[in-house]
Every structure is written in structure tokens, then in C-alpha cells.
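Dear colleague,

I am passing on a structure that will be new to you, followed by some notes on what was found in it. Please read them with the model open beside you.

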Amino acid sequence: MFAQEFIVNSPVVTLGYSTLSDRIRQINLPELDPRIEILIGIQGNNQSEIPMHLLRADTRITYLDSLGVTKSRNYMIDNAKGDYLFFGDDDINWEINNLWEIVGYFENHPDTHLITGRTLDMNGIHRKNYPNQSRKLSFFNSAKTGTVEMAIRVNQFRLTGIYFDEQFGSGSENFLGDEYIFITDALKLGIRCQYLPIDISMHEEISSGVIYGSTEDAQVRSAVFSRVFGRKASLVKIAFLLKNLTKFRKLSLIRAFLGTKRK
């Protein structure tokens, strides 16, 4: 961590950025706000010069001795000082006013500990077909959630020991599904998770969770369902396949999805 004076002692919100040393310059921080702290985790411990625009009094920067975005997210959970943690990437722009709507919902609903919302592309268009109404999240409506659409009440996750599964996510062999596993692990412990039709951020990159068409993503997606549903996974995979046949256009993809034992 760097030695600049850190002045946000009791933040309400932590904005946690996961990045690599060669991408850190593209982080665009929001304006200073004494209620918000910035936490930046640089994966890989490949130390490089930190750009001046990130050396701010509300910002903590740490080089991590690890690769993989889920390890970085777990660092955020352990080290966030805010009551509420929003997960960000280095190419994100926050809809700051809307973040306070999320915080308001948390504070008015003490039984809710995870909230998801919507992201926009750089043209201001929603990146997915999102529901227009608030709804409780379940095993069957949360699979498309991206990490940058998510906020958590930090202490509840520390107390229950729910972290991202580091065998999944970008930078690991199983390169997708970490968000879905995180949400369903919370649901298994009775944690209430809620979707709100609120725009959280603008995000440039396409989520790995919407990528289809290769044997590799079919195998990884199969591993995700096995991780989430255990013994019931085979039935869920068949149901998912029937609903999404147009995404599995080759017999090899269907076999990879239904027959893999990849861990």
C-alpha cells in the first residue's frame, strides 16, 4: 500500500476496483466524497508507477500476490472499511447518485444483504434485458448477474464466511460463473438477495458470462452448474440446454456441457 495520507475514516461505501498493473491507468475515479473510500487491488504483484490521478486521500492501493479476479474481490471483502461494498473493474464509470439509492434500500431493508442492479454500455444503453420491476433473487433468475452489478452489506458476508470461489472467474481455468456461485452460496445460507431496476455503472467490456460457442465455455458452464446444484446438476443442465438450444449449435458443445467432469 502507498503512503499518501488517507482521510476517509468511517466511510459508508467502498468502491473496490480489481485491475492489473498494465491497466491501472485507465481507472477513472469519481469525485471525492467523504462518505466513500476507494480500494484498488492490483493483481500479480507486478509493481509499476502509480499514476498521479490515483494518489488521492480517499484511495488505498495494494499490490496482491495473486492472479484471478475472484482473489481480488475477496481481498475487497476482507479490507473494505465501508458498510456497503460495490465491486468495480478498471473500465467502469459509476452512476454515483444511483449508488445512494442502493444504500438507501439497504438501510430501509435490514434483512437484505446483497443487491444487484443494471449496467449501461458507453452509449448509455442497457447491456442486457433487465426486468423493469424489483424482484427477489433465486437460483433461477440470477445466473446472468455481473460482478459490477452487485453490492453487498460487507459485515454479513464476513460473519457468514461467504467469499467468491477462487476456482472460478476471470484469470482462472474456470473463467466464468463466479458471480452466480457467490449469489447462490449466499442463498443457500438464507441470505436475502434482491434485484433493483437501478443503473449502477457504465461498463465497457462484455461479460464472460454471456460468451457461448466454444468447447471451453461449455465445459466451464457445466462445472458452474455442478458446483451450484450438486447431485441435481444433471437435471438442471438438461433444462438449461433445452431452453438455450440456439446457444449450443454443435453436438460437440452439447456433449461438453452435459458430460464434462472439469473441476
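Helices (H or I, at least four residues) and strands (E, at least two) are DSSP runs, numbered from the N terminus. The model is a predicted one, in which local features need pLDDT of at least 70 and side-chain atom pairs count only at pLDDT 80 or more, while totals for chains, interfaces and linings use all residues. Residues are numbered from 1 along each chain as its sequence is written, and side-chain values use heavy atoms, with hydrogens and water left out.

In a regular strand the side chains alternate between the two faces of the sheet. In β2, Ile36, Ile38, Ile40 and Ile42 lie on one side and Glu37, Leu39, Gly41 and Gln43 on the other, and all are buried, which leaves both faces covered. Two strands pair if DSSP finds at least two bridges between them: β1 and β2 run parallel and are joined by 8 bridges, with Thr14 opposite Glu37, and β2 is also joined to β3, in parallel, by 6 bridges, where Ile42 has Tyr63 as its bridge partner.

**The cores**

The largest nonpolar core has 29 residues, of which Leu15, Tyr17, Ile40, Leu54, Phe86, Trp94 and Ile102 touch the most other members. Such a core is a set of buried Ala, Val, Leu, Ile, Met, Phe, Trp, Tyr and Cys residues joined through side-chain atoms within 4.5 Å. The elements that give two or more residues to this core are β1 (13-20), β2 (36-43), β3 (59-64), β4 (84-89), β5 (92-94), α2 (96-108) and β9 (192-203), and α2 supplies the largest share, 5 residues. A second, separate core of 24 residues includes Leu114, Tyr130, Leu137 and Tyr195.

**Strand β8**

In strand β8 (residues 150-153), Met150 and Ile152 point one way and Ala151 and Arg153 the other way, all of them buried. β8 runs antiparallel to β4, joined by 3 bridges, and Leu85 has Ile152 as its bridge partner. Strand β6 (residues 112-120) also pairs with β8 in the antiparallel sense over 3 bridges, and here Ile115 is the bridge partner of Ala151.

With best wishes

Key. Buried < 20%, exposed > 50% of the residue type's maximum accessible area, 1.4 Å probe, protein only.
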